[in-house]
Amino acid sequence: MVTLEEIVSLCKRRGFVYPTSDIYGGLMSSYDYGPMGAELLRNLRTIWWKAFIHDRSDMVGLDSQILLHPQTWVASGHVGSFNDPLVEDSKTNKRYRADHVIEAWLTMHPDPTVVVEDMTIDQMGEYIAAHKIISPEGNALSKPKTFNLLFETKLGVVEGEKSTLYLRGETAQGIFTNFRNIVDSNRVQLPFGVGQIGKSFRNEITTGQFIFRTIELEQAEIEYFFDPEISDWQELFTAWKNAMWTFVTDSLGVSASHLRWRRHTDKERSHYSKDTYDLDYQFPFGWKELWGIAYRTDYDLTQQAKHSGADLSYVNPVTGKKIIPHVIEPAAGINRLFLMVLTEAYTQEEKRIVLKLNSKLSPYKVAVFPLVANKPELTQKARGIYTELKKSLSVAWDDRGNIGKRYLAQDEIGTPWCVTVDYATLEDDAVTVRDRDTTKQERIPISGLIAYFQQKLL
Ligand code: GAP
């Protein structure tokens with residue numbers, strides 16, 4: 001299996017991901033997405049939106065703000081209980097997640113009777129003390145303390161009169177606080193869902209997991225509202241689990257053998273949830289959560305209604321009955337989908353590294369080259385094809401170095417097809433199309449190229 005170091009190296013080398021503020025030595029748990037990464041992110045968002053919003057008749061989209069009214073986070077319970085247990089290195093004062101420290105220790109000293117997810121903060125402290133677990137720097141650790149993950153910021157210009165706001169810790173609350181607006185301004189009827197993609201922020205203390213766990217993250221969340229007396233929550237829950245699984249295997253091309261469901265234990269489950277499963281992917285550093293699904297009941301709408309005084313009920317148009325809808329929430333991280341598709345696609349062959357990405361995800365669908373550089377008649381012909389293809393596809397141009405190097409460069413960014421214009425093209429108006437995965441080459445007439453690629457991309 002590919003290592004995380006190999007993925008990190010490819011990402012930097014080929015412009016997928018760079019450390020944020022690289023010239024200043026980076027910023028903890030923060031990454032920027034380069035030209036290739038930006039395209040891959042866009043493709044992931046588009047495929048998710050198409051599958052879960054456009055292709056369904058029971059879903060609508062939303063784009064709410066990162067900064068919401070601060071009461072939102074009091075109502076949701078995040079101000080009170082969105083916490084991580086942290087321990088501090090007694091010498092360096094560096095902070096670590098207590099559960100992560102214990103998990104790392106357990107990989108060296110396996111004990112199947114220990115379930116870290118079920119430990120209270122006091123139990124973690126006792127376990128660390130009893131087993132004399134030390135920090136990665138080799139020093140004693142403090143007792144764990146709770147640490148709130150919400151990012152605070154200030155609104156207002158006058159010093160001393162600024163009010164505290166929070167950068168959203170999940171996109172979900174923007175959906176709950178807009179529930180009344182959405183019902184009143186759209187022809188939606190239960191059961192229906194609202195999906196949204198956007199940035200969330202968490203004051204995460206973590207190291208060495210690349211884009212898996214970052215302080216600024218992108219979520220793709222769905223809140224699916226229903227009347228529990230009419231729709232069976234377990235049936236809806238299963239249907240959504242199936243939709244998530246199928247999306248990952250069929251739309252993103254991930255092998256089912258690299259996926260598994262993991263149910264949260266009673267102690268681990270978030271305060272708002274009656275049942276939670278994680279869809280785990282086998283990342284290079286082990287099985288980890290890719291996508292969560294929770295049955296949040298009517299917790300959020302009830303809490304937001306109570307704290308705001310707004311009426312967040314729904315009136316059944318047939319019976320006239322007024323209810324607070326319940327909700328099932330499939331919540332994915334776009335950055336984790338990104339890391340998963342790179343892990344899945346990374347293939348080391350004898351003479352090349354190739355990203356066997358699903359062509360819908362590839363940053364470029366096609367690359368166009370003149371066989372050799374500095375031959376105006378070839379360059380002009382190839383440039384014409386490039387310009388024409390670019391009208392309907394995302395296309396790369398390369399006329400540097402030799403053709404072998406150009407193929408290798410496109411293989412590493414996952415471009416499915418390379419088109420080469422050679423001297424024969426000037427005679428027969430046909431080009432060579434090379435397939436990324438098989439490296440086989442076909443001769444295709446220029447007049448049929450667009451149809452050829454469109455057919456492949458269906
Ligand atoms: N609204 C529910 C919610 O936020 P979550 O399990 O905390 O639930 C949902 O987050 C998804 O967001 C996760 O499955 C994961 O893919 C992603 N995610 C959460 N924290 C993250 C972080 N610090 N960095 C990157 N992705 C993260």
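This is a chat about a predicted model of a protein chain.

Student: What should I know before I start reading?
Tutor: Residues are numbered from 1 along each chain as its sequence is written, and side-chain values use heavy atoms, with hydrogens and water left out. Because the model is predicted, local features need pLDDT of at least 70 and side-chain atom pairs count only at pLDDT 80 or more, while totals for chains, interfaces and linings use all residues.

Student: OK, how many helices and strands are there in the protein chain?
Tutor: The protein chain has 15 helices and 23 strands, which are DSSP runs numbered from the N terminus (helices are H or I with at least four residues, strands are E with at least two).

Student: And how many of its residues count as buried?
Tutor: Of the 458 residues, 50% count as buried, where buried means under 20% relative accessible area, exposed over 50% and partly exposed in between, with a 1.4 Å probe and protein chains only.

Student: Let's switch to helices; at what angle do α12 and α15 cross?
Tutor: The axes of α12 (residues 376-390) and α15 (residues 449-456) cross at roughly 45 degrees and come within 10 Å, the axes being lines fitted to C-alpha atoms, for helices over the stretch in contact, with angles from 0 to 180 degrees between N-to-C directions. The two helices are therefore oblique to each other, since angles under 35 degrees count as roughly parallel, over 145 as roughly antiparallel, 65 to 115 as roughly perpendicular and the rest as oblique.

Student: Which residues make the contact?
Tutor: Ile 385, Glu 388 and Leu 389 of α12 meet Leu 449, Ile 450 and Phe 453 of α15, contact meaning heavy atoms within 4.5 Å.

Student: Now Val 431, is that buried or exposed?
Tutor: Val 431 is buried, with a relative accessible area of 0%, and it lies in strand β22. Leaving out residues up to four places away in sequence, Val 431 touches several residues, including Ile 385 and Leu 449.

Student: Where is Arg 434, then?
Tutor: Arg 434 is in strand β22, which covers residues 430-435, and at 6% relative accessibility Arg 434 counts as buried.

Student: What joins the side chains of Arg 434 and Asp 411?
Tutor: They are joined by a polar contact of 2.8 Å, that is, a pair of N or O atoms within 3.5 Å; within protein, one must be able to donate a hydrogen and the other to accept it, and residues adjacent in sequence count only if both atoms are side-chain atoms.
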